[in-house]
Amino acid sequence: MLLQPREIKWRLASLFLAFTAMVLMAANAWADHSPGTGGRMVSAIQFRIIGFDPTRLLPNAGGRRSVLSAIYERLFDTDPVTNELVPLHGLSVAPADDFKKWRVQLRQGVKFSNGEELTSAAYTVHFDRILNSRTVKGPYRNMMGAFLERVVAVDKYTIEFQFRTPHPGFDKILGAPLIPWYVAAPGFVKTNAKKPGFNQMSVGAGPYMLKEFRGGTGATLVRNPHYW
């Protein structure tokens, strides 16, 4: 069993230091820890952690993706052998209207780190903010592989992605580790989005949650007690 730390600290470092840190971390984990869970891990990354608000964060987030994926998690992953979708927050996906629409069925019972339930509202709020942003809507639309017009809630646990033209390859994009899939709790967004420090806040539904953010140079994550 691999060590699963209760706390992760991310620190900005050069590429060499990042590699050295990973080597030393692996050596120390092997020497000082028997197989099990718990403990603490420090990891270095090469790029600045700019923040967490997608309207201020361009989708080419580079090495920061490791921090974001720990906080948010995605709808699907991709099996590296079969290339098939692996369900995470999404259970299934199906195209309609000659591939101009794709419906995703959400996993029920998933909660954000603040206790909010993950429903289709999280995705409509998230994509409305992105697609109505003057600064980032273009880059985010480009990452979708076709012109994404809107994301709507069909019901509480079903979301529909609507494209201007047919998009038969959208299921592959659903399984890719892209920044648009990192969705925050809608209630948290509604309450805090207009605050000056919103870009330094984060409430996701991934395995970890943000404990401390230090001016772009580091972040401390702790276990999300609500993780599914």
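I looked up Glu117 and found it partly exposed, at 28% relative accessibility; partly exposed lies between buried (under 20% relative accessible area) and exposed (over 50%), with a 1.4 Å probe and protein chains only. This is a predicted model, in which local features need pLDDT of at least 70 and side-chain atom pairs count only at pLDDT 80 or more, while totals for chains, interfaces and linings use all residues. Residues are numbered from 1 along each chain as its sequence is written, and side-chain values use heavy atoms, with hydrogens and water left out.

I then noted the partner of Glu117: Lys156 forms a salt bridge with it, the closest N and O atoms being 3.5 Å apart. I applied the rule that a side-chain nitrogen of Lys or Arg lies within 4 Å of a carboxyl oxygen of Asp or Glu. The two residues are 39 residues apart, with Lys156 in the loop between strand 7 (148-155) and strand 8 (158-163), and Glu117 in the loop between strand 6 (101-106) and helix 3 (120-131). Helices (H or I, at least four residues) and strands (E, at least two) are DSSP runs, numbered from the N terminus. Lys156 is partly exposed, at 46%.

I next checked Arg214, which pairs with Glu212 at 3.4 Å between the closest N and O atoms. Arg214 is partly exposed at 26%, and Glu212 is partly exposed at 36%.

Within it, Arg56 and Asp53 meet at 3.7 Å, N to O. Asp53 is buried, at 2%, whereas Arg56 is partly exposed, at 46%.

My count by this rule is eight salt bridges.
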